[in-house]
Amino acid sequence: MMVDARHNGPPGTGNGGWTAGLIGAFITEGVPEVTLQKPPPLETPLTVIYTPEGLRVLDPSEVVIATARSREDDISPVAAATLAEAEQASSNYAGHGSHHFPTCFVCGPQRPDGLGIFPGKLPDGRTASPFEVPSDIDAVMVWAVLDCPGGWSVIEGDRPWVLGRFAVAIDHLPKPGERCVVVGQALSREGRKALVRTTLYTPDARVAARGEATWIALTV
């Protein structure tokens, strides 16, 4: 497998959600859960190895980039937000003023060819953003959609946060052209780690996909 240059997160590395989605596709039973061990390199052939404990993804130097397995627990959805609520929240997206990775494929304000997901805060601390489904929607893209809205529920101050572990359950793919809503919520935080959930809703308020992730604050 390979993460192409378009789907970056931090400069020079793969977007965490997109990369996890590529890896998660190799898990064919249960809810796939991917743990990123190293920043995913771009335009680099990666080898997927099956082991009794799950998958390992290696770079050409055989450094472990990620591991993956099927998790036992299901993922509960985050409470829905209306499209109007998501549009209002998105208009106050903190990343428009300060963004550690402004060219991120998912939430980067400097990416006219990105997904344009700008998750702003709702009054109760959840994040929400509209998402207009493109014609090339697939399962990997859904993983990416569910990535950053969870992170923005904990990102604050001068410390950047990155995705560490990500599990996604896809109920069904939204249809191209639909204007959906993605919401995120912080569940807990301990030191430099935070547990968050995200949910993608279709225009008729049906759950399309659910994610649960661990985000990690980088030391600066």
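Modeller: Helices (H or I, at least four residues) and strands (E, at least two) are DSSP runs, numbered from the N terminus. This is a predicted model, where local features need pLDDT of at least 70, side-chain atom pairs count only at pLDDT 80 or more, and totals for chains, interfaces and linings use all residues. Residues are numbered from 1 along each chain as its sequence is written, and side-chain values use heavy atoms, with hydrogens and water left out.

Colleague: OK, which residue in E4 is the bridge partner of glutamate 33?

Modeller: That's arginine 69. E4 has another arginine, residue 71, standing opposite valine 31.

Colleague: And how many bridges join E1 to E4?

Modeller: Six, with E1 (residues 31-36) and E4 running antiparallel.

Colleague: What's the strand order in the whole sheet?

Modeller: It's an open sheet of ten strands, ordered E2-E3-E4-E1-E7-E10-E9-E8-E6-E5, with antiparallel pairing. E2 (47-51) and E5 (120-121) stand at the edges with a single partner strand each, so one side of each has no neighbour in the sheet.

Colleague: Which strands does H1 touch?

Modeller: H1 (residues 16-24) packs on the sheet and touches E1, E3, E4 and E7, where contact means heavy atoms within 4.5 Å. Its direction makes about 125° with that of E1. Those axes are lines fitted to C-alpha atoms, for helices over the stretch in contact, and angles run from 0 to 180 degrees between N-to-C directions. H2 (residues 83-91) also packs on the sheet, touching E5, E6 (127-132) and E8 (179-190), and its direction makes about 105° with that of E6.

Colleague: Back to H1: how many of its residues are buried?

Modeller: Nine of the nine, so H1 is largely enclosed by the rest of the structure. Buried means under 20% relative accessible area, exposed over 50%, and partly exposed in between (1.4 Å probe, protein chains only). Among the buried ones are Trp18, Leu22 and Ile23. What covers them includes E1, E3, E4, E7 and helix H3 (139-145).

Colleague: What about E3 and E4, how do they pair?

Modeller: In the antiparallel sense, over four bridges. Arginine 56 stands opposite threonine 67 in E4. The two strands form a hairpin with five residues between them, and glutamate 62 in the turn has a positive phi of about 65°.

Colleague: Is that glutamate 62 buried or exposed?

Modeller: Exposed, with a relative accessible area of 62%. As background, most residues other than glycine have a negative phi. Alanine 205 also has a positive phi, near 65°. Alanine 205 sits in the loop between E9 (193-201) and E10, and is exposed at 53% relative accessible area.

Colleague: New topic: what's the volume of the largest pocket?

Modeller: About 510 Å³. On a 1 Å grid over the protein atoms alone, a pocket is an open set of points where a 1.4 Å probe fits, with protein on both sides within 12 Å along at least five of seven lines; lining residues have an atom within 4 Å of a point. The volume is the space filled by probe spheres set on the points, which are joined across faces, edges and corners.

Colleague: Which residues lie nearest its centre?

Modeller: Pro10, Phe101, Trp161, Val162 and Leu163, out of 29 lining residues. E7 gives the largest share of the lining, four residues.

Note on methods
Two strands pair if DSSP finds at least two bridges between them.
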